[in-house]
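Hi everyone, thanks for making time today.

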Amino acid sequence: MASMENLPVVLFHRRSSYTLALKDRLSPHFHLLDPFDTQEPISSFLSVHGYSIRALLCVGYTPITSETLNFLPSLELIVAGSAGVDHIALQECHRRGITITNASLAFAEDAADHAVGLLIDVLRRISAADRFVRAGSWPVMGDFPLGFKLGGKRVGIVGYGSVGSEVAKRLAAFGCNIAYNSRKRKPSVPFPYYENVHNLAVDSDILILCCSLTKETHHIINEGVMKSLGKGVIVNVGRGSLVDEKTLVQFLVEGKLGGAGLDVFENEPHVPKEMLCLDNVVLSAHRAVFTPESFEALIELCLANLKAFFSNEPLQSVVKIE
């Protein structure tokens, strides 16, 4: 193994509570500078080491602000250990010529599985039926209400990246009719493309949100889109703020929407109390992408991107900033 002095330097940017074994797996390959290994304030640590750092590994949703970047004038690469990058000052990185990679490739399959699971649960009322049986209601109240078939439903996917494409693959196998909205039409995608989400909602029974959170996508699912969807279902495995949550709650309580499957919320970990008693809403605690398998894939992806960077080879999962 190479001596620490000969290893490429990488800043390990994390919260103090972060415990994933990522650091142990990368240490043989890189000299990881971790501010929490010292008793220094982070600002002091970065003042000393910042000029030597060309690559930064950001784990979890640890913010990278313009102020953080000011300490890192030599920074060329941010390897984000998350699919979303809304915690990173993207435009400032773009201005400084800093490349960003994310973990979308590592998480895509698990996120898609979770999205489909939420959808099936909402349509077939599996969680609600489970509560019905456990409460002893079956012998007393008789048959549980019917659920709805998945096959043949018109599914609009909002954000056709690595996660959206995996969702489409799974739902096409169920016999769903797929359409999508994305920043740009993708010539290789065989499904109908919609330039705006409003028109996609008009022609959909279900909307599945897989896009990143940006200024443009904040509350992309607003009152107008919900009205266009009618009695349809919304599934969100992207970010809570993709949806106008206050309006979503109102539409669900008033029965204007058919249901929702939600892994993310606007004010996590707080969930609107009105949703907790609705049988047509299935909730999970921002865990769509987290499995032992996805964590292993994350480690391999971060390792591959850092090795590629220091070897002047092509990076994987580069985030496009426009």
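This is a predicted model: local features need pLDDT of at least 70, side-chain atom pairs count only at pLDDT 80 or more; totals for chains, interfaces and linings use all residues.

Let me begin with a question: in which sense do strand E11 and E12 pair, and over how many bridges? They run parallel, and three bridges join E12 to strand E11, which covers residues 259–262.

As a reminder, strands of a sheet pair through backbone hydrogen bonds, either parallel or antiparallel.

What about the protein overall? There are twelve helices and twelve strands in its secondary structure. The C-alpha trace spans about 70 × 45 × 35 Å along the principal axes. For 322 residues, a compact globule would have a radius of gyration near 20 Å, and the protein has 22 Å, so the two agree. Of the contacts with a separation of 6 or more, 58% are between residues 24 or more positions apart. Buried residues make up 48% of the 322. As for the surface, the protein exposes about 16100 Å², with 54% of that supplied by carbon and sulfur atoms.

Let's go inside. The largest nonpolar core has 52 residues, and those touching the most other members are Leu57, Leu119, Ile157, Val167, Leu171 and Ile208. Helix H5, residues 104–124, gives this core its largest share, eleven residues. Both domain 1 (4–106 + 291–311) and domain 2 (107–283) contribute at least three residues each to this core. Zooming in on Leu171, and setting aside neighbours within four places in sequence, we find contacts with Val116, Leu119, Leu150, Val155, Cys176, Ile178 and Ile208. There is also a second, separate core of 29 residues, and Tyr194, Met226, Phe251 and Ala260 are among them.

One last stop: is His87 buried or exposed? His87 lies in the loop between strand E4 (77–80) and helix H4 (90–96). Its relative accessible area is 11%, under the 20% cut-off, so His87 counts as buried. Beyond its neighbours within four places in sequence, His87 is in contact with Cys58, Gly60, Tyr61, Thr62, Pro63, Ile64 and Ser82.

Conventions. Residues are numbered from 1 along each chain as its sequence is written. Side-chain values use heavy atoms; hydrogens and water are left out. A nonpolar core is a set of buried Ala, Val, Leu, Ile, Met, Phe, Trp, Tyr and Cys residues joined through side-chain atoms within 4.5 Å. Buried means under 20% relative accessible area, exposed over 50%, partly exposed in between (1.4 Å probe, protein chains only). Helices (H or I, at least four residues) and strands (E, at least two) are DSSP runs, numbered from the N terminus. Domain bounds come from an automatic or database domain assignment. Contact means heavy atoms within 4.5 Å. The radius of gyration is taken over C-alpha atoms; the globule rule is 2.2 Å times the number of residues to the power 0.38. Accessible areas come from the Shrake-Rupley method with a 1.4 Å probe; for residues, only the protein chains shown count as cover. Two strands pair if DSSP finds at least two bridges between them.
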